[in-house]
Amino acid sequence: MTKTTRRGSRDGRSSDTNFNWIVQERGEAWERWRQLFSGWIATQTGSIGVKINAMNWFMAHYLPTVPGGASPDVFFQIAEKGLLPELRPILEASMSAATAVKNQNWIVDLLGWIITHSYSEPNDHGVPMAVVKNPFVKGKEKTVITETVYNPLPYAYIRELREILCPQPRGHSATGNGLNPSPANCARISEIGFRLSSQSSTKMTQTAYGATKMIVTKSGLPLGQWRCT
């Protein structure tokens with residue numbers, strides 16, 4: 001939700017679906033925008049308060065930057081020439097990026113409705129065709145993925161498993177043919193697997209080799225030739 005100024009709260013603009021403040025503050029030259037805002041908000045069924053705030057922001061902070069912006073006709077003419085100020089930077093200068101995206105999308109919806117109802121003409125088949133283009137497109141909030149479905153493997157378990165499979169500081173595993181330790185070591189590996197399983201959402205098999213395979217796979221180490229480095 002955009003921040004509401006004290007003046008806005010006093011004149012009731014944050015809940016006024018008729019947008020009377022526009023003409024009261026800006027004058028009769030802005031009456032057409034007031035009508036269009038009021039007409040669009042009447043079609044909305046949810047999030048009315050934040051949508052009103054988005055329209056109020058558009059009127060208070062964006063339209064005044066457009067030469068002749070009091071006239072919707074002039075607004076779309078300037079848009080056709082590609083001379084409108086960029087919307088997103090002005091939005092983000094006064095609100096969070098997430099709120100800016102929502103407001104941008106509602107402004108796009110508003111202008112789309114205005115074009116459909118006021119700037120469209122029927123073609124030869126009676127189908128309304130827009131005579132102007134929506135100058136803005138809907139945006140998406142940027143998200144950064146910082147989580148994974150995989151649990152990190154504790155280093156202590158990796159080190160313990162490594163010492164079992166590769167007791168030599170340098171060289172190949174004891175067998176030289178991948179993961180195939182002795183029965184005694186298999187039991188130790190299995191125990192590591194069960195301990196890790198109790199701390200992980202990953203379901204580990206109860207066999208010694210299965211536990212080894214799961215641990216090594218989970219750590220990202222190769223299942224083929226095990227080489228100590």
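**View 1. Pro85 in its loop.** Start with Pro85, which sits in the loop between α5 and α6 of this predicted model. Is this proline buried, exposed or something in between? Pro85 is partly exposed, with a relative accessible area of 25%; to count as buried, that value would have to be under 20%. Setting aside neighbours within four places in sequence, you'll find Pro85 touching Tyr62, Thr65, Val66, Ile90 and Phe136.

**View 2. Tyr62 and the residues around it.** Pro85 and Tyr62 are 23 residues apart in sequence, and their C-alpha atoms lie 8.3 Å apart in space. Which residues does Tyr62 touch, once neighbours within four places in sequence are left out? The list runs Trp57, Phe75, Leu84, Pro85, Glu86, Leu87, Ile90 and Phe136. Look for Ile90 and Phe136 here: both are in contact with Tyr62, and both are in contact with Pro85 too.

**View 3. The largest nonpolar core.** Tyr62 turns up again in this view, as one of the residues with the most contacts inside the largest nonpolar core. The others named with Tyr62 are Trp33, Phe37, Phe58, Phe75 and Phe136, and the core has 39 residues. Elements giving two or more residues to this core are α2 (20-26), α3 (31-41), α4, α5 (72-80), α6 (87-92) and α7. Which helix gives the largest share? That's α7, with nine residues.

**View 4. Where α4 meets α7.** Here helix α4 (residues 48-62) and helix α7 (residues 97-118) cross at roughly 80°, their axes coming within 9 Å of each other. An angle from 65 to 115 degrees counts as roughly perpendicular, so that's how α4 and α7 lie to each other. On the α4 side, the contact is made by Val50, Lys51, Ala54, Met55, Trp57 and Phe58. From α7 come Asn103, Trp106, Ile107, Leu110 and Leu111. Sorted by class, this contact of α4 with α7 has nine nonpolar residues, one polar and one charged.

**View 5. Stepping back to the whole protein.** Count up the secondary structure and you get ten helices and four strands. Along the sequence, they follow the pattern α-α-α-α-α-α-α-β-β-α-β-α-α-β. The protein has 229 residues, and 37% of them count as buried. Among contacts with a separation of 6 or more, 60% join residues 24 or more positions apart.

Conventions. Residues are numbered from 1 along each chain as its sequence is written. This is a predicted model: local features need pLDDT of at least 70, side-chain atom pairs count only at pLDDT 80 or more; totals for chains, interfaces and linings use all residues. Side-chain values use heavy atoms; hydrogens and water are left out. Axes are lines fitted to C-alpha atoms, for helices over the stretch in contact, and angles run from 0 to 180 degrees between N-to-C directions. Angles under 35 degrees count as roughly parallel, over 145 as roughly antiparallel, 65 to 115 as roughly perpendicular and the rest as oblique. Contact means heavy atoms within 4.5 Å. Ala, Val, Leu, Ile, Met, Phe, Trp, Tyr, Cys and Pro count as nonpolar, Asp, Glu, Lys and Arg as charged, and the others, Gly among them, as polar. Buried means under 20% relative accessible area, exposed over 50%, partly exposed in between (1.4 Å probe, protein chains only). A nonpolar core is a set of buried Ala, Val, Leu, Ile, Met, Phe, Trp, Tyr and Cys residues joined through side-chain atoms within 4.5 Å.
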